[in-house]
Amino acid sequence: MDGKKKTNEIRAAIRVGDWAKPTTGLAPGYTQANLVILSKKYAYDFLLFCMRNPKTCPLIEVTDAGSPEPKQTAPGADLRTDIPQYRVYRHGELVEETSDISSYWQDDFVSFLIGCSFTFEKPLLDNGIPIRYIEEGRNVSMYSTNIPSESAGIFSGPMVVSMRPMKPSEAIRATQITSRFPSVHGAPVHIGNPAAIGIADINKPDFGDPVTIHEGEVPVFWGCGVTPQAAVMASKPELVITHAPGHMFITDVKDEEYAVI
């Protein structure tokens, strides 16, 4: 099947509710993205927040104000309907999860698409590195840390990380592989002791699901695009819409287009 036809069909299935689950494993080889939508009056502050925190908020597209179409990464798509699950925040409080945000749409909304670590998982799997949460049919484990993001305007908050357990030798290879993809979080930010980055219980993630860590494995942590949601909760702007963790936007862009070497 033609790649763009495949991504179009996946987004169409999401749009009509035929796919309402996390998007890991969908459209292998195509970039997935986190989403943040907010009023134009906050757009510069958020753009600056992303520029200052490239490990967690690597920008891949910013839309025109009022337009729900990501013209660079998925022409013809609609960011109001093409994600399986959205989160709606008012003054930093989560007020609703929904599959369609058309009723919330405003003419001054600016949408930010941010690189997602799901993108580099195919290269990991191609190199024989297991992805435990995929094996177990769960969402990826995500944690708030004691590492502060660089603040910008009204936005500040903790770094959020995603975790994948693996053997130490696999962690070294995974670091080499993911370093090729700085636009989708790049290399890990931490390997090993969770307490060193403020995670009290590795079996109780703040977002997503817990996964099994086998004897002899270490947790490997990458910067995560849920970090903006932590900043929204800390900074409390009037209205912000994001993807629900693990429910990403499928673009038409091949993973390899973001590889640097």
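How many of the nine residues of helix 6 are buried? Seven of them are, so helix 6, residues 227-235, is largely enclosed by the rest of the structure. Before I go on: this is a predicted model.

Let me stay with helix 6. Its buried residues are Thr227, Pro228, Gln229, Ala230, Ala231, Val232 and Ser235. The elements covering them include strand 1 (30-39), helix 2 (40-52), strand 3 (86-90), strand 5 (109-115), strand 7 and strand 10 (239-243). After helix 6 comes Lys236, with a positive phi near 60 degrees.

Two of those covering elements, strand 3 and strand 10, pair with each other. The pairing is antiparallel, over five bridges, and Val88 has Ile241 in strand 10 as its bridge partner. Strand 3 also pairs with strand 4, residues 93-98, again antiparallel and over five bridges. There, Tyr89 has Leu94 in strand 4 as its bridge partner. Strands 3 and 4 make a hairpin with two residues between them. In that turn, His91 has a positive phi of about 50 degrees. As for burial, four of the five residues of strand 3 are buried, so to speak mostly covered.

What is the order of its four strands? The order is 6-7-9-8, and the pairing is antiparallel. Strand 6 (141-148) and strand 8 are at the edges, each pairing on one side only. Strand 8 is joined to strand 9 by two bridges, antiparallel. His190 has Phe221 in strand 9 as its bridge partner.

Helix 5 lies across strands 7, 8 and 9 of this sheet, and runs at about 15 degrees to strand 9. In helix 5, residues 168-178, the buried residues are Glu170, Ala171, Ala174, Ile177 and Thr178. Why are they on the same side of helix 5? Because they cover an arc of only 125 degrees around the axis. They pack against strand 7 (158-166), strand 8 (190-191) and strand 9 (218-223), and also against helix 3 (121-126). On the face turned away from the buried side, Ser169 and Ile172 are exposed.

Now the aromatic rings. The structure has eight aromatic pairs. Take Phe46 and Phe112: the ring centres are 4.8 Å apart and the planes are at 75 degrees, so this pair is edge-to-face. Phe46 is in helix 2 and Phe112 in strand 5, so the pair ties together parts 66 residues apart in sequence. Phe46 is buried, with a relative accessible area of 0%, and Phe112 is buried as well, at 1%.

Another pair is Phe49 with Phe155. Their centres are 6.3 Å apart and their planes at 55 degrees, so this pair is tilted. Phe49 belongs to helix 2, while Phe155 is in the loop between strand 6 and strand 7, so this pair ties together parts that are 106 residues apart in sequence. Phe49 and Phe155 are both buried. Which residues do ring pairs link into a cluster? They are Phe46, Phe49, Phe112 and Phe155.

Last, two charged residues over rings. Lys21 lies over the face of Trp19, 4.3 Å from the ring centre. Arg80 lies over the face of Trp105, 5.9 Å from the ring centre.

To look back at the two helices: helix 6 is largely enclosed, with seven of its nine residues buried, and helix 5 carries exposed Ser169 and Ile172 on the face turned away from its buried side.

Notes: Residues numbered from 1 in each chain as written. Predicted model: local features only at pLDDT ≥ 70, side-chain atom pairs only at ≥ 80, totals over all residues. Heavy atoms only, no water. Buried < 20%, exposed > 50% of the residue type's maximum accessible area, 1.4 Å probe, protein only. Arc of directions from axis to C-beta. Contact = heavy atoms within 4.5 Å. Pairing = 2+ DSSP bridges. Axes fitted to C-alpha atoms, helices over the stretch in contact; angles between N-to-C directions. Phe/Tyr/Trp six-rings, centres within 6.5 Å; stacked < 30°, edge-to-face > 60°. Lys NZ or Arg CZ within 6 Å of the ring centre and 35° of its normal.
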